[in-house]
Amino acid sequence: IYVKDSYGNIISINGTRISSPFIIKAIGNQETLYGAITRPGGYIQLMQNQTIPTEVKKMQNMKINKHI
């Protein structure tokens, strides 16, 4: 959930407010995930339209830490 307030861009994960920059990692088929996130009218395009810098990377190996 994106919340815009006097502190800037904030998201809430499990009730914990996290400020930008955001790093979102996902495990799955690279082509499917990449296509879903970069599709026309998708989240990346919506953020870019609001001049929010974005970057999408495909990675072979990554570590995802548990978020509590």
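This is a short talk on the largest pocket, the salt bridges and one threonine of a predicted model.

Some ground rules. Residues are numbered from 1 along each chain as its sequence is written, and side-chain values use heavy atoms, with hydrogens and water left out. Because the model is predicted, local features need pLDDT of at least 70 and side-chain atom pairs count only at pLDDT 80 or more, while totals for chains, interfaces and linings use all residues.

I start with the pocket. On a 1 Å grid over the protein atoms alone, a pocket is an open set of points where a 1.4 Å probe fits, with protein on both sides within 12 Å along at least five of seven lines; lining residues have an atom within 4 Å of a point. The largest pocket has a volume of about 1,100 Å³, volume being the space filled by probe spheres set on the points, which are joined across faces, edges and corners. Its lining has 29 residues, and those nearest the centre are Ile23, Ile24, Lys25, Glu55 and Val56. Two elements give two or more residues to this lining, α1 (30-38) and α2 (43-49); helices here are DSSP runs of H or I, at least four residues, numbered from the N terminus. The most comes from α1, with 4 residues. By type, the lining has 18 nonpolar residues (Ala, Val, Leu, Ile, Met, Phe, Trp, Tyr, Cys and Pro), 4 charged (Asp, Glu, Lys and Arg) and 7 polar (the others, Gly among them).

Next, the salt bridges, meaning a side-chain nitrogen of Lys or Arg within 4 Å of a carboxyl oxygen of Asp or Glu. There are 2 in the structure. In one, Lys58 pairs with Glu31, with 3.0 Å between the closest N and O atoms. Lys58 is in the segment after α2 and Glu31 in helix α1, so this pair ties together parts 27 residues apart in sequence. Lys58 is partly exposed at 41% relative accessible area, whereas Glu31, at 52%, is exposed; the cut-offs are under 20% for buried, over 50% for exposed and in between for partly exposed, with a 1.4 Å probe and protein chains only. Lys57 and Glu55 also form a salt bridge, at 3.9 Å from N to O, and both residues are exposed.

Last, what does Thr54 contact beyond its neighbours within four places in sequence? The answer is Ile44, Met47 and Gln48, contact meaning heavy atoms within 4.5 Å. Thr54 is in the segment after α2 and is partly exposed, at 28%. The C-alpha atoms of Thr54 and Ile44 are 6.8 Å apart.
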